Amino acid sequence: MSDTWRKSPRKLVQTTITDSIKKKPRKADTTPITEKEALENDFEFPTTKDPIIRELHGGTGTLAYYPRYFTQAQADKYLKYLEENLSWKRYPITMFGKVIQQPRTIAYIGDKEYTYSGLTLGPTEWDPIVREISYQLEDTLRLPRDYFNFVLCNRYEHGEEYMGYHSDNEKPLGERPIIASTTFGQARPFFFKHKTDKNKKVEYNLEHGSTLIMSGLTQKYWKHALPKRPKANFKSRINLTFRKVVS
Ligand SMILES: O=C(O)CCC(=O)C(=O)O
């Protein structure tokens with residue numbers, strides 16, 4: 001582990017490197033992997049869209065970041081559509097025994113019911129454009145069609161809206177969920193911290209049109225958060241997390 005400076009598009013940031021980052025060689029094969037391989041996460045990230053792949057310290061997970069998963073024009077189109085067409089609502093959730101309003105609005109889409117922080121959502125009809133995005137992600141990752149069976153959509157109006165540290169480790173997602181997190185709108189910092197070793201941290205600046213894949217044991221060993229940035233004058237941001245209920 002070493003402290004290192006790396007360049008982010010906006011500024012130099014210091015990160016503690018606890019892992020290795022590599023670009024894997026391009027694979028010509030586009031045959032979908034099997035459901036079993038996907039669940040066991042026994043696959044290599046295809047590199048058709050140039051991901052930056054980060055193996056987290058000691059086999060504790062894998063992150064793959066696609067900074068420009070969508071072109072600017074595609075991302076602009078999706079942002080506008082999602083803002084105008086999803087049914088955004090603010091729900092109460094239970095945190096540490098207290099009922100609070102979520103500090104963001106959400107929309108839920110998917111075949112399956114999903115419960116987190118005392119809130120049960122779905123099932124609902126798929127929005128056709130969200131389905132289109134889901135299919136593109138499945139194709140890039142060589143996942144079987146309809147692998148992702150639900151999507152949690154979060155909308156942050158400004159820098160006061162946020163998501164606190166948590167992991168997506170609900171039982172129905174399985175131990176090694178593949179979660180595809182696609183961002184439209186305002187670029188914002190996104191943090192990971194190891195659950196037991198406070199020195200291990202990873203930071204991204206999730207950009208308009210980017211996708212971050214969390215896989216392997218990431219949810220078991222790491223928490224993630226989209227922190228508040230109250231003075232940052234941030235505009236609206238939408239994030240879609242494509243997931244699979246396996247049981
Ligand atoms: O908006 C984000 O990027 C955070 C999403 C997230 O952490 C989640 O849905 O679990």
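Strands β14 and β15 are joined by a hairpin of six residues. They belong to a predicted model whose chain holds four helices and 18 strands. Of the 247 residues in the chain, 34% are buried. Among contacts with a separation of 6 or more, 71% are between residues 24 or more positions apart.

**Strand β14 and its partners**

- Strand β14, residues 188-194, pairs with β15, residues 201-206, in the antiparallel sense, and six bridges link the two.
- Within this pairing, F190 lies opposite Y204 of β15.
- β14 also runs antiparallel to β17, to which four bridges join it.
- F192 has H224 of β17 as its bridge partner.

**The shell around the ligand**

- Which residues surround the ligand? They are L152, N154, M163, D168, S181, F190, L206, H224, L226, N239 and T241.
- Three elements each contribute two or more residues to this shell: β11 (150-156), β17 (222-226) and β18 (237-243).
- By class, the shell consists of five nonpolar residues, five polar residues and one charged residue.

**Helix α3**

- Helix α3 comprises 14 residues, 128-141, and spans 20 Å from its first C-alpha to its last, close to the 20 Å expected at 1.5 Å a residue.
- Its buried residues are V130, I133, S134, L137, T140 and L141.
- These residues lie on the same side of α3, because they cover an arc of only 125° around the axis.
- In general, an α-helix has 3.6 residues a turn, so residues three or four places apart point the same way.
- P128 and E132 are exposed on the other side of α3.
- The buried residues of α3 pack against α2 (72-85), β8 (105-110), β11, β13 (179-185), β16 (210-215) and β18.

**Backbone features around α3**

- The loop between β10 (119-121) and α3 contains P123, which a cis peptide bond joins to G122, with omega at about -5°.
- R142 follows α3 and is placed in the loop between α3 and β11.
- The phi of R142 is positive, near 55°, in a residue other than glycine.
- R142 is buried because 20 other C-beta atoms lie within 10 Å.

**The loop between β17 and β18**

- N233 is located in the loop between β17 and β18, and its phi is near 60°, a positive value in a residue other than glycine.
- N233 counts as exposed because it has 9 C-beta neighbours inside 10 Å.
- S236 is also found in the loop between β17 and β18.
- Because S236 has 14 C-beta neighbours inside 10 Å, it counts as partly exposed.
- How far apart are S236 and H158 in sequence and in space? They are separated by 78 residues in sequence, while their C-alpha atoms are 5.5 Å apart.
- Not counting residues up to four places away in sequence, S236 touches R155, Y156, E157, G185 and Q186.

Key:
Residues numbered from 1 in each chain as written. Predicted model: local features only at pLDDT ≥ 70, side-chain atom pairs only at ≥ 80, totals over all residues. Near = placed C-beta within 6 Å. Nonpolar A, V, L, I, M, F, W, Y, C, P; charged D, E, K, R; others polar. Buried ≥ 20, exposed ≤ 12 C-beta atoms within 10 Å, placed from the backbone. Contact = placed C-beta atoms within 7 Å. Expected span 1.5 Å × (residues − 1). Arc of directions from axis to C-beta. Pairing = 2+ DSSP bridges.
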